[in-house]
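This report concerns helix packing, the nonpolar cores and the aromatic pairs of the structure shown below.

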Amino acid sequence: MYNSKSKIATEFIDDAEIKKTLAYAEENKENLELIRGLIKRAEDCKGLNYKEAALLLECEDPEIHQELFSLAERIKEKFYGNRIVMFAPLYLSNYCINGCRYCPYHGKNKSITRKKLTQEDIVKEVTALQDMGHKRLALEAGEDPKMNPIEYILECIDTIYSIKHKNGAIRRVNVNIAATTVENYKKLKDAGIGTYILFQETYNKESYEYLHPTGPKSDYAYHTEAMDRAMEAGIDDVGCGVLFGLNMYKYDFVGILMHAQHLEDTFGCGPHTISVPRVRPADDIDPDEFDNGVPDDVFKRIIAVLRIAVPYTGIIMSTRESKEMRAAALHLGVSQISGGSRTSVGGYVEEEPEEDNSAQFDVSDTRTLNQVVDWLIDEGHVPSFCTACYREGRTGDRFMSLVKSGQIANICQPNALMTLKEYLEDYASPETKEKGEAIIRKRLEMIPNEKVKELVREHLGDIHQGRRDFRL
Ligand code: SF4
Ligand code: SF4
């Protein structure tokens, strides 16, 4: 029986309820009056439930698609303005004992090069990331209790926060590691992590068990209930995601919204972020089995309807996607993107030769961070390196209530401008710097509160004089 407040995975992600939802969406997909009624209601930016969202996604009418895209863009604009938060993944270790069929790090893959960063390596990698201009990282590691125990991850986090190279600093470390115990989540919380990220991959239990035949990750319930344990341990911000292309996307779309509902109903706070990766080619993975099964047009609708359904949740898109798809997605609700990413272990210091491949997947957008920043400015966005909320203690429900009040927009924009200014002073090419200064001048004038505007103007001057790390 479906129960959004249950602690049991198969009750808060109920297979029968998902199938019933999909049947309802199929039956009503031509009922344009009903659908337009939902779109109108969603204008209030209070979100939609999984059943309503499933119906919007199912509708095949091209005019409705345009209405969805346009609503998603308006909601994005209202909550996030034109700022886009930047981050980079940092691969710590690709040792893994799991058997995930879609990932080249699976334990039986003998052709991939296994690597694990030492603390000295981390200093070099993080220095390289700081020299690019990054302030926010997502740590990635395979699951291997001997090679990558929790103590190793904690030591890496400590090292990362301690590195200060020139004006560089990593101010927020998000962590994407395997499902673990409440005790270990408490240790991560104490280490000062930002978001705990864990992708469900697929919510369909049968597919999940096929895709994860061996290793600890094969336990569907343990994996699906991980966010509950993380939140019980005091981690306020959790990041969900599915790997689109593994299973029927409609099923996973409903699944992820049910998961969000469960977290909201149980802890009073939904996921901080939702990631939308699609399967990419990788070493030792059968391209015929995982062929990126979600077409671009459907993928865009998935993003738009997610933005409409959960307006307060950040949507993350990585460099798995091409420049073209990322450009489109930014208008549909994506609020965070990675830039200049390397998906191999140690890849920021040294590019790997082809025969020495430790990458998890092929990057599609291979531009440098400066090129991505430059492009975002050209497209009218403000690239932001802001990490203020987490450092000001605005996490979990405190963060959500600020977003819901609409006030966050007044905080984000000033922080975006100040952190962009830092980037321009320290890392940008002369051409990007010029464009960036122009967008800062323009956007500064648009800050409605005069006192805040004056304060930001003052801090922009301070940053030019060499001072760093201002935030609201
Ligand atoms: Fe290991 Fe994660 Fe890859 Fe699975 S997806 S093989 S758990 S690194
Ligand atoms: Fe994110 Fe908070 Fe910074 Fe806004 S102010 S960009 S919500 S960290």
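Helices α3 (residues 32–42) and α5 (residues 62–80) pack at an angle of about 10°, their axes lying 11 Å apart; they are therefore roughly parallel to each other, a term for angles under 35 degrees. Axes are lines fitted to C-alpha atoms, for helices over the stretch in contact, and angles run from 0 to 180 degrees between N-to-C directions. Helices (H or I, at least four residues) and strands (E, at least two) are DSSP runs, numbered from the N terminus. On the α3 side, Leu32, Ile35, Arg36, Ile39 and Ala42 meet Glu63, Ile64, Glu67, Leu68, Leu71 and Ile75 of α5, where contact means heavy atoms within 4.5 Å. These residues divide into 8 nonpolar, no polar and 3 charged; Ala, Val, Leu, Ile, Met, Phe, Trp, Tyr, Cys and Pro count as nonpolar, Asp, Glu, Lys and Arg as charged, and the others, Gly among them, as polar.

The model is predicted: local features need pLDDT of at least 70, side-chain atom pairs count only at pLDDT 80 or more, and totals for chains, interfaces and linings use all residues. Side-chain values use heavy atoms, without hydrogens and water, residues are numbered from 1 along each chain as its sequence is written, and chains are lettered from A and ligands numbered from 1 in the order in which they are written.

The largest nonpolar core has 152 residues, and Leu90, Leu92, Ile157, Leu188 and Ile337 have the most contacts inside it. Such a core is a set of buried Ala, Val, Leu, Ile, Met, Phe, Trp, Tyr and Cys residues joined through side-chain atoms within 4.5 Å; buried means under 20% relative accessible area (1.4 Å probe, protein chains only). Helix α13 (residues 296–309) gives the largest share of this core, 9 residues.

There are 8 aromatic pairs, that is, rings of Phe, Tyr and Trp (its six-membered ring) with centres within 6.5 Å; planes under 30 degrees apart count as stacked, over 60 as edge-to-face and the rest as tilted. Two of the pairs are tabulated.

| Pair | Centre to centre | Angle between planes | Type |
|---|---|---|---|
| Phe244 and Phe299 | 6.3 Å | 70° | edge-to-face |
| Phe385 and Tyr423 | 5.0 Å | 10° | stacked |

Phe244 lies in the loop between β5 (238–241) and α12 (249–267) and Phe299 in helix α13, so this pair ties together parts that are 55 residues apart in sequence. Phe244 is buried, at 3% relative accessible area, and Phe299 is buried at 0%.

Terms used
Parallel < 35°, antiparallel > 145°, perpendicular 65-115°, else oblique. Buried < 20%, exposed > 50% of the residue type's maximum accessible area, 1.4 Å probe, protein only.
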